[in-house]
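Thank you all for coming, and please have the sequence and the structure open while I talk.

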Amino acid sequence: MCEHCTRRQFLGTGAVGGMVLAASHLAAQPNAPAPPPAADAKIRICAVIAGKPAGRSWGLSEAELAPILKALAEAEKSLGNVEIVAGQAANADEMARLLAKAGPAAPVLAISADIFGLSSVVPVIFKEGRPVAVFHLPVLGGHDWCLVKPWREEGHRITLFNTSDLGELPRAIALLSVVPRLRQSRVLISPPLKGTPESHSPEKVKARLGVELLPIADGRYDAVLGQVDPAAAEAEAKRWLDEAQRVVEPTREDVVKAARASLALERLIAENRANGLCVGTCMSWLPRGFPCLGFSRLNDRGIPAACDGDVDCVLTMLMLQYALGRPGFLGNAAGVDTARNAFHLAHCSAPQRMEGPAGPKAPYLLRRHAEVRGGAVTEVHYRVGQTVTFTKLVHLETLLVFTGKIIEVPEVPKGDERGCRTEIVAEVRDAEKLLEQWGGGALGASAKDYYASLHRVAYYGDQRRTIRHLGHLLGLRVAEEC
């Protein structure tokens, strides 16, 4: 942290400057967010101490600032692929110099340290169009935290962490890093594309989020599939067979073909240096090997992979992979049960590691695909009692969101070929309201489009605050459906 400034340039000599250097050698916080997938270069975050911390009325003292600086250094270390360029600014000129030092792509963490520290520097940040996360200690951090909402209503990308919990600092930094990470990202796509129409346009996606959509060249999947090492496919199939609780319908040959497809997808990702995958030709690929195991495997490794060509969902999965360090379960909204106050989500490409690549694996059965009655897919048994968040980006403008608690994970009986294999039933706050507000009023004409309306992505935990912060930083509206 602060490799580009001396202690004197940062906050002057004394206890605070010493704390900055000492903190950089401390161990990472155990509760810090999981790091997102590695990128080619470190993401720079500009951290500004806004104002003149002097311990006077309505401002931070050096002693109060010291643990904040320590938390910044620990966050930089725990997040791994982030470089924090830090400094103090009390006026427009000082802020402009710090922004230049951080570089043009660096979003800003503004730590309120004086009564009017934010209003002295934030307008300079807005002029450069940078997203801002404000960290404000209640009482001590000054008064102008209350300007954040009006600034946002003016169209600026700004969010607020108004808290005494310093554990929120690494969360703020992780969320800020989503913006430049998206600009570095490319997603492999195989048409036909589905979802809301704006997401079908590589130009609109690039302009809105910075993500590059890269089509898979005609015939490339077949070529890569033909180059998969048979021994590697056998080994991958053995792993799926050995780790399954039970193999219900698939033959070993079915699993080997699915494993071969899985390894082919992995190679496509590697050769294109891609951060995600969205395939609209799943059903035509099935006879050569079901890709569903491959989608599950990629998601477990931190590489969002979406089926049914749903670009809305893969973009949702990409931004939340960066924000949370964990995958989501993309599924069909199989129904709302008003009798049980419950929502059903089901699909055949469910990840196992819903708490991230280092987290535990959910148990699974190996099943055949119900719709075509062949191949090999997983039936993953997620944790009953787990709080989950359902979300989806639509029209590149709105994040839909609601929460629930898993009350049932059905095991589909052998011989029952109805619906997708992995299903969760989640109790929601108000099923009637969910029916009335489905789409959050944001779908428009796309509400009649089957895939634009149908899919949602489920995440372990109540992630509404994270989604709201992301919405503020990316300039997206957030609409609660229930």
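Predicted model: local features only at pLDDT ≥ 70, side-chain atom pairs only at ≥ 80, totals over all residues.

The protein has 482 residues, and 59% of them are buried. Its secondary structure comes to 17 helices and 19 strands. If we take the contacts in the protein with a separation of 6 or more, 78% of them are between residues 24 or more positions apart. The accessible surface is about 18600 Å², and carbon and sulfur atoms account for 51% of that surface.

In what order do its strands lie? The order is 2-1-3-4-5, the sheet is open, and the pairing is parallel. At the edges we find strand 2 and strand 5, which covers 158-162, and each of these pairs on one side only. On average, neighbouring strands of this sheet are turned by 20° against each other, with direction ignored. Helix 4, residues 92-102, packs on this sheet and touches strand 1, strand 2 and strand 3, and its direction makes about 165° with that of strand 1. Helix 17, residues 464-474, also packs on the sheet, where it touches strand 4 (132-136) and strand 5, and its direction makes about 140° with that of strand 5.

Now look at strand 1 within this sheet. Its parallel pairing with strand 2, residues 82-89, has eight bridges, and in that pairing Val48 stands opposite Gly87 of strand 2. With strand 3, residues 108-112, strand 1 is again parallel and is joined by five bridges, and here Cys46 is opposite Val108 of strand 3. Why can we call strand 1 largely enclosed by the rest of the structure? The reason is burial, because seven of the eight residues of strand 1, which spans residues 43-50, are buried.

The next sheet is an open one of three strands, in the order 8-13-14, and its pairing is mixed. Its edge strands are strand 8 (246-247) and strand 14 (374-380), each of which pairs on one side only. Strand 13, residues 364-369, pairs with strand 14 in the antiparallel sense over five bridges, and Leu366 stands opposite Thr378 in strand 14. Helix 10, residues 230-243, packs on this sheet and touches strand 8, strand 13 and strand 14, with its direction at about 120° to that of strand 13.

Helix 7, residues 168-183, and helix 14, residues 311-324, meet at an angle of about 140°, and their axes are 8 Å apart. The two helices are therefore oblique to each other, since an angle has to be over 145 degrees to count as roughly antiparallel. Helix 7 passes helix 14 in a right-handed crossing. On the side of helix 7 the contact is made by Ala174, Leu175, Val178, Arg181 and Leu182, and on the side of helix 14 by Leu318, Met319, Tyr322 and Ala323.

Helix 5 deserves a brief stop. In this helix, residues 117-127, the buried residues include Gly117, Leu118, Val121 and Val122, and Val124, Ile125 and Phe126 are buried as well. Just after helix 5 comes Gly129, which takes a positive phi of about 70°.

I will finish with strand 12, residues 342-347. Six of its six residues are buried, so strand 12 is largely enclosed by the rest of the structure. In a regular strand the side chains alternate between the two faces of the sheet. Here Ala342, His344 and Ala346 point one way, while Phe343, Leu345 and His347 point the other way, and all are buried.

What does strand 12 form together with strand 11? The two form a hairpin with four residues between them, and in the turn Asn341 has a positive phi of about 55°. Strand 11, residues 329-337, runs antiparallel to strand 12 and is joined to it by five bridges, with Leu345 as the bridge partner of Ala333. Strand 12 is also joined to strand 17, residues 422-428, by six bridges, and these two strands run antiparallel. In that pairing, the bridge partner of His347 is Thr422 of strand 17.

Notes:
Residues numbered from 1 in each chain as written. Heavy atoms only, no water. Buried < 20%, exposed > 50% of the residue type's maximum accessible area, 1.4 Å probe, protein only. Pairing = 2+ DSSP bridges. Axes fitted to C-alpha atoms, helices over the stretch in contact; angles between N-to-C directions. Contact = heavy atoms within 4.5 Å. Areas by Shrake-Rupley, 256 points an atom, 1.4 Å probe, with all protein chains shown as cover. Parallel < 35°, antiparallel > 145°, perpendicular 65-115°, else oblique. Left-handed = near helix turned anticlockwise from the far one by under 90°.
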